[in-house]
Amino acid sequence: MPSTEATLRLTIAALMHLTGERQADLAEGLGLGQTQISRKQSGTAAWSLTDVDKLSAHYGIPVIDLLAGVDRAAHCLPARRRAPMPGAAQLTITP
């Protein structure tokens, strides 16, 4: 079983993918520098409890669901925060 820290890093990576965010976008949303995000995501620096609170507010996911892992956090991510699927608006179904 991965550590809580490793699970959080995986969860954040998944949420960044689902929202279409880059590290610079997340850094701006959390009031941190992109280098800080990079270090936290690579495991050379730790995410603090304050960071977790900021991540929760940023993504609109309760802390407990954020810490529960990728599946739970992705399920709780509000639809308004999700990036549009590439090509989804172009899908046409004809009878």
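This briefing covers helix packing and salt bridges in the structure above. The model is predicted, so local features need pLDDT of at least 70 and side-chain atom pairs count only at pLDDT 80 or more, whereas totals for chains, interfaces and linings use all residues. Residues are numbered from 1 along each chain as its sequence is written, and side-chain values use heavy atoms, with hydrogens and water left out.

**Helix packing**

- Helix α1 (residues 4-19) and helix α3 (residues 34-42) pack at an angle of about 125°, with their axes 9 Å apart; that makes α1 oblique to α3, where angles under 35 degrees count as roughly parallel, over 145 as roughly antiparallel, 65 to 115 as roughly perpendicular and the rest as oblique.
- Axes are lines fitted to C-alpha atoms, for helices over the stretch in contact, and angles run from 0 to 180 degrees between N-to-C directions; helices are DSSP runs (H or I, at least four residues) numbered from the N terminus.
- On the α1 side, E5, R9, I12 and A13 meet K40, Q41 and S42 of α3, contact meaning heavy atoms within 4.5 Å.
- By class, this contact of α1 with α3 has two nonpolar, two polar and three charged residues (Ala, Val, Leu, Ile, Met, Phe, Trp, Tyr, Cys and Pro count as nonpolar, Asp, Glu, Lys and Arg as charged, and the others, Gly among them, as polar).
- The axes of α2 and α3 come within 8 Å and cross at roughly 110°, and the two helices are therefore roughly perpendicular to each other.
- Q23, A24, L26, A27 and L30 in α2 meet Q34, I37, S38 and Q41 in α3, and the residues of this contact divide into five nonpolar, four polar and no charged.

**Salt bridges**

- The structure holds five salt bridges, each being a side-chain nitrogen of Lys or Arg within 4 Å of a carboxyl oxygen of Asp or Glu.
- E21 forms one of them with R81, the closest N and O atoms being 3.4 Å apart; the pair links distant parts of the chain, with E21 in the loop between α1 and α2 (23-30) and R81 in the segment after α6 (70-76), 60 residues apart.
- Both E21 and R81 are buried (under 20% relative accessible area, with exposed over 50% and partly exposed in between, for a 1.4 Å probe and protein chains only).
- K40 and D51 meet in a salt bridge (2.7 Å, N to O), and because K40 lies in helix α3 and D51 in helix α4 (residues 49-59), the pair ties together parts that are eleven residues apart in sequence.
- K40 counts as buried at 10% relative accessibility, and D51 counts as buried at 6%.
- The side chains of D65 and R72 also meet in a salt bridge (2.9 Å, N to O); D65 counts as buried at 13% relative accessibility, whereas R72 is partly exposed, with a relative accessible area of 37%.
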